[in-house]
Amino acid sequence: MKSQVRGGTRWKRFAVVMVPSVAAAAAVGIGLAQGALAASFAISGQEFKVKADSLVGDDFVQYGSYAEGKNLKGEDFAAPVAVSGFTHATISNMCQSVVTPNVPLVGTITLRLTAGTGRDKVVADDIYLDVSDLKADAKFDNIDIGVAAGKTKKPGIQPGTKANPFGFAQQAKKATLSNVEQKAWATTAASFKLPDLSLKLLRGSGEGKECFVD
């Protein structure tokens, strides 16, 4: 979701109805080490993009919710999200980018991070992602669609989440994604191992700087 929606009250009953191909809002961003805690922090006013060759996750859950924060002008806004959770995930050839426009004396800057580009993959435990857009090829093992969010198996919905526990959710024993491109507002994880980590600040945005271009 590109646009920012100001005011959070209308999202309090939000529940995303996902089809299996979109249900895997799974790719990864650079998270905060919050363990299994909810993403209750105020999100920044910037979405980030993530691209990965593949992601394999155990104990997949997904449900609708919303995230709140302030945009770059300091104004309150809320964004609907599909929250995806895994107890364990491995990711190969991960790229994350976020664009900051109008930096004084500099202009537009793209922060680009890569990891898991060699033999070792990125590894995350107890990871939750607040996703607004996803493109991927997905395969699910033992999937249940239409579960009440509050009744999902581990990792379940996050403690303190804004999601409706009676809302629509889905779960699967395993999710396998390839050719992943996603946009997200936030990520939390108990642990995040990033082999071959590389971080660069690049002037401008677009092709060759962001992980992918719409």
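Mentor: We can go through confidence, then the disulfide, the strands and the salt bridges.

Trainee: Great. What is the mean pLDDT of the chain?
Mentor: This is a predicted model, and the mean pLDDT of the protein chain is 81, with 80% of its residues at 70 or more. Over residues 1–40 the pLDDT is below 50, although this stretch has 128 contacts in the model beyond near neighbours in sequence.

Trainee: Okay, on to cysteines. Which ones form a disulfide?
Mentor: Cys95 and Cys211 do, with their sulfur atoms 2.0 Å apart. The link is left-handed, with -85° about the S-S bond. It joins distant parts of the chain: Cys95 sits in strand β4 (residues 94–103) and Cys211 in the segment after β9 (198–203), 116 residues apart.

Trainee: Are Cys95 and Cys211 buried or exposed?
Mentor: Both Cys95 and Cys211 are buried.

Trainee: Which strands does β4 pair with?
Mentor: Strand β2 (residues 48–70) pairs with β4 in the antiparallel sense over three bridges, and Lys49 stands opposite Ser97 in β4. β4 also pairs with strand β5 (residues 107–115), again antiparallel, over eight bridges. There, Met94 stands opposite Ala115 in β5.

Trainee: And what sits between β4 and β5?
Mentor: Three residues, as β4 and β5 form a hairpin. Leu105 in the turn has a positive phi of about 70°.

Trainee: Switching topic: how many salt bridges does the structure hold?
Mentor: The structure holds six. One of them joins the side chains of Glu210 and Lys49, at 2.9 Å from N to O. Glu210 lies in the segment after β9 and Lys49 in strand β2, so the pair ties together parts that are 161 residues apart in sequence.

Trainee: Why does Glu210 count as buried?
Mentor: Because its relative accessibility is 14%, and buried means under 20%. Lys49 counts as buried too, at 11%.

Trainee: What else is Glu210 in contact with?
Mentor: Leaving aside neighbours within four places in sequence, its contacts include Ser97, Val99, Thr110, Arg112 and Ser205. Glu210 and Lys49 also belong to a network of salt bridges with Lys183 and Asp214.

Trainee: Nice. Which salt bridge does Asp59 make?
Mentor: The side chains of Asp59 and Lys173 meet at 3.4 Å, N to O. Lys173 is in strand β7 (residues 168–189) and Asp59 in strand β2, 114 residues apart. Lys173 counts as partly exposed at 49% relative accessibility, whereas Asp59 is buried at 9%.

How values were computed
Residues numbered from 1 in each chain as written. Heavy atoms only, no water. Disulfide = S-S within 2.5 Å. Helix = DSSP H or I, 4+ residues; strand = E, 2+ residues; numbered from the N terminus. Buried < 20%, exposed > 50% of the residue type's maximum accessible area, 1.4 Å probe, protein only. Pairing = 2+ DSSP bridges. pLDDT = per-residue confidence, 0-100. Contact = heavy atoms within 4.5 Å. Salt bridge = Lys/Arg side-chain N within 4 Å of Asp/Glu carboxyl O.
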